[in-house]
Amino acid sequence: MNKQKLMQQLIIAILLGVITGWGFHQYLDASQTKEIASYINIIIDVFLRLIKMIIAPLIFATIVTGLMSIGGSSSVGRITIKAMIWFIIAGLVSIGIGMLIVNLFQPGIGLNITIPQQSNIDTGFNTSGFSLKNFISHIFPSSFAAAMANNEILQILIFSLFFGLALSYICQNSQEKSPLVTLIEDLARVMFRITDYVMSLAPIAVFAAIASAITVQGLGLLYDYGKLIGLFYLGLFLLWVVLFIVGFLFLGKNIFSLLRLIREPVTLAFATASSESAYPKTINALNSFGVPKKISSFVLPLGYSFNLDGSMMYQSFAILFIAQAYNIDLSITQQILIMLTLMVTSKGMAGVARASVVVVAATLPMFKLPEAGILLILAIDQLLDMGRTATNVVGNSISTAVIAKMEEKQNSSKSGA
């Protein structure tokens, strides 16, 4: 599908979704809007299921073929170290911006909510599994089939890393090209073709996602939580500015070309609030920008687990907002501890439904903050999720492009020497 045409269709789908949702919400009662939304959600569910269908084999095929192109394990280690350094610094900046905005503008001050007497509030989220111990053990798959079936991106990445390195070693010690290499290369091409078919349904899914949210919640939600939503998107804007500036330092004026190429996946991620839906388009955009497939196919999946800039900014923003709403004063030391805690707990987000909210719910009791506070932001979580998901795509796109540029400079300096 023509890129410009798809972009136009996505924008039209968003506008039509808002109008349709407003109409349903305006002229139907509460029970009817929920019923209508449940039927609209079928479209969203089908689209996201199709996306999940292609993600696992696509990641496996692209990572393995990428590792075959890289060649040696030393290159993989070097790229991984660069990526992790970027992810850690970007994460600290993201969390810091969220805390800065809340401390400056204090959106929770004045709500004066009384701390509930009941210590354990059922928020509907399972937070028991969020610990460093469980995260580390969960990284490594006990079954590749189970990892593929459950779309466990990080586990698929680990297996693909072992598989790709082993296949690369075998091919280096063989004079003939292995049929297995040809098979996986063909698998990658097939998956990209299937991706094109699935992406043709994206405008319909975007329309359904927007219409469903507005049908149930109405446009009035924007007014009720206007200050909170506005400040959150101000924080995301500042984060985008920081990412663009750093990207410009490495990529120069080419950063503007990258921004044009990622408009589609960013719009798709924003409208569907799903990073997975944007993955195929993001990797295509990076390849069009000139990022070698051996870099994009490895760094981008890694970023989906470790480089969720928008989500981490949201978590710090939400926790401090809840503390302010209950008139709980957090010292600078406590806020730094929250920042460091989020740096660890947020790394377990991949593959968890509504993961950012779950991380917030898991972190609140660690600092003796009311767990019921999560209920304050659930009503607008869909609107916040759209922004943080789009930001995750932007952050991962820029990080992958920058790491590719660093690799290019390092390889050119070696060849020059």
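Which residues of helix 12 are buried? I found Glu-264, Pro-265, Val-266, Thr-267, Leu-268, Ala-269, Ala-271 and Thr-272 in that state, where buried means under 20% relative accessible area, exposed over 50% and partly exposed in between, with a 1.4 Å probe and protein chains only. Because eight of the 10 residues of helix 12 are buried, I noted this helix as largely enclosed by the rest of the structure.

Before going on, I recorded that this is a predicted model, in which local features need pLDDT of at least 70 and side-chain atom pairs count only at pLDDT 80 or more, while totals for chains, interfaces and linings use all residues. Residues are numbered from 1 along each chain as its sequence is written, and side-chain values use heavy atoms, with hydrogens and water left out.

Next I looked at the two ends of helix 12. Helix 12 is followed by Ala-273, whose phi is positive, near 55 degrees. Leu-259, Arg-260 and Leu-261 in helix 11 meet Arg-263, Glu-264 and Pro-265 in helix 12, a contact being heavy atoms within 4.5 Å.

I then turned to Thr-20, which sits in helix 1 (residues 3–27). Is Thr-20 buried or partly exposed? Thr-20 is partly exposed, because its relative accessible area is 24%. Leaving aside residues up to four places away in sequence, Thr-20 touches Phe-207 and Ala-211. I also noted that the C-alpha atoms of Thr-20 and Thr-215 are separated by 7.7 Å, although the two are 195 residues apart along the chain.

Last, I took down the overall picture. The protein has 19 helices and zero strands, counted as DSSP runs (H or I of at least four residues for helices, E of at least two for strands) numbered from the N terminus. Of its 417 residues, 51% count as buried. The unreviewed UniProt entry annotates "transmembrane region" at stretches including residues 83–105 and 229–251. Residues 83–105 are 100% helix, with end C-alpha atoms 33 Å apart, and residues 229–251 are also 100% helix, with end C-alpha atoms 32 Å apart.

Technical notes: UniProt positions renumbered as here; feature names shortened; annotations may be inferred.
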